[in-house]
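Open the model in your viewer and keep the selection tool at hand. Each stop below tells you what to pick and what you will find.

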Amino acid sequence: MLNRSDMVSDSAKKTSSRSFLKELDYSVVQQCMHCGLCLPTCPTYDATKLERNSPRGRIALMRAIADDRLDVTQAFGDEMYFCLGCLACQTACPAGVNYAELFEHARAEVEDKRVLASHKRDFIRGFTVEWLFMDLRRLELLGKIIRLYQQLGIQTLIRRIRLIRLLPLRLRELEAMTPTVCEKFSAELIEPITAAAGAKKHRVAMLTGCAQNLTFSDVNRDTVEVLAQNGCEVVTPAEQNCCGSLHAHNGAWTLAQQLARRNIEQFPPEQFDAIITNAGGCGSHLKHYAKLLADDSAYLKRAELWDTKVKDIHEWLAEIGLRAPMGRQNESRAVTYHESCHLTHGQKVVSQPRDLLRVIPGLKLVELPEASWCCGSAGIYNLTQPEMANELLARKIKHIKSTGATTVATGNPGCLLQLINGAVKESLKLRVVHPITLLAEAYRSEKVV
Ligand code: SF4
Ligand code: SF4
């Protein structure tokens, strides 16, 4: 439960004397050697060709602030929020610049100095980042209200009689993006403890996520089934916390730390062989709790152990030796694979999802052009920067069409939602699915062969 102290540090609407960029290890701040090799991989630079919209330009601004040569201004804040945080630049960088850390500290600086503050923005941040996502029971309650709105046909009716047209354009766009809420959430589909099918080889914990739990609880169920099929006993508590990536990526550093501590308490890393996530964005954050809690002597050691135990589902299955499903290979459905930025660039999990798809009987993997180019989802970027997000989505859908595949697989809920929206917009007959769901279906079909 959220207590008063949870709300104080990030929502106290005052600037502090703290500087996140000055506090950051200077070896990280000064690492960029200005070579520009990251520029062609950056979607915002590709769109504008402006240096300030490039990784090199942004890092130069961050360094100028750390060096006291520049004040934190609204223009700096806008630039930090125009960045997708996709981390493609981090993969491209030969100097090993830790852009993820720079980016998170820069956004924390922006929030701390309140250079983007307005009543509307404060309200939205207060309601979502600082309240809704700090206690997932609140998010579930909101999910139930939206589910009722959708199941009673009110959404369809409002759309049909075009009441929506009375709303301002931005609200109409947001309404069109409202995801379908699942009929059942994860706790209604998954037992707190699921036994391994056959001999138990591993004991793992399963993180059900926040948005994932509301919109793709079936993927959570599929993940647990797949783990059980691969000799894992799976512990899935009904009530869980957000991983805190939303908070860390949006400058709410203190709240991200609180969520990290709660997760370590709920899933003691000493008790599990692995702590499993099936959401690329969450995994990328979850693997860095030690950095987040570097100044917390009470938690640092456990956070270091935690980081070693967190595994993306594809990565874990590859590590323990995935059991290939049995089945007929004769029919072959084309499936393509879109890489979640944070799975690929944040976690370097690149080959494992493809290998997993290749062992599924009846599937033929067709490579997607620009598979690792951001789809525009980028956390809540498609809500805050719709123009750029829509450009990226159109580019992605064009490439998906070029493959001729009728199924696209991707390992992150944000990407799943973004691609579903893209397919709906273009009236495209496209199945958008998590790779784990395809594997779970293959295991289930073994029983009926
Ligand atoms: S994170 Fe993505 S958008 Fe931001 S600078 Fe790096 S490549 Fe560009
Ligand atoms: S971030 Fe890396 S790739 Fe980009 S300019 Fe700096 S050193 Fe070069």
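**Stop one: a helix pair**

H15 and H27 cross in the left-handed sense, meaning that the near helix is turned anticlockwise from the far one by less than a right angle. This is a predicted model, in which local features need pLDDT of at least 70, side-chain atom pairs count only at pLDDT 80 or more, and totals for chains, interfaces and linings use all residues. Residues are numbered from 1 along each chain as its sequence is written, chains are lettered from A and ligands numbered from 1 in the order in which they are written, and side-chain values use heavy atoms, with hydrogens and water left out.

Select residues 217-229 for H15 and 435-446 for H27. Helices (H or I, at least four residues) and strands (E, at least two) are DSSP runs, numbered from the N terminus. The two axes come within 9 Å and cross at roughly 55 degrees. Axes are lines fitted to C-alpha atoms, for helices over the stretch in contact, and angles run from 0 to 180 degrees between N-to-C directions. H15 and H27 are therefore oblique to each other; that word covers what is left after under 35 degrees (roughly parallel), over 145 (roughly antiparallel) and 65 to 115 (roughly perpendicular).

Now show side chains. On H15, the contact residues include Val219, Arg221 and Val226. On H27, Ile436, Leu439 and Tyr443 are among them. Contact means heavy atoms within 4.5 Å.

**Stop two: the open sheet**

Stay with H15. It lies across S1, S2, S3 (232-235) and S4, running at about 145 degrees to S3. Helix H21 (residues 313-320) also packs on the sheet, touching S2, S3, S4 and S5.

Five strands form this open sheet, in the order S1-S3-S2-S4-S5, with mixed pairing. Strands pair if DSSP finds at least two bridges between them. Its edges are S1 (193-194) and S5 (310-312), each pairing on one side only. Select S2 (residues 202-206) and S4 (residues 274-277): they run parallel, joined by three bridges. Find Met206 opposite Ile276 in S4.

Arg333 faces Leu363 in S7. Tyr337 stands opposite Ala409 in S8.

**Stop four: two ligands**

Which helices each supply at least two residues of the shell around ligand 1? Select H4 (43-48) and H5 (55-66). The residues around ligand 1 include Cys42, Arg58, Cys83 and Tyr99, each with a heavy atom within 4 Å of it.

Finish at ligand 2. It is surrounded by 13 residues, the closest being Cys32, Cys35, Gly36, Cys38 and Cys93.
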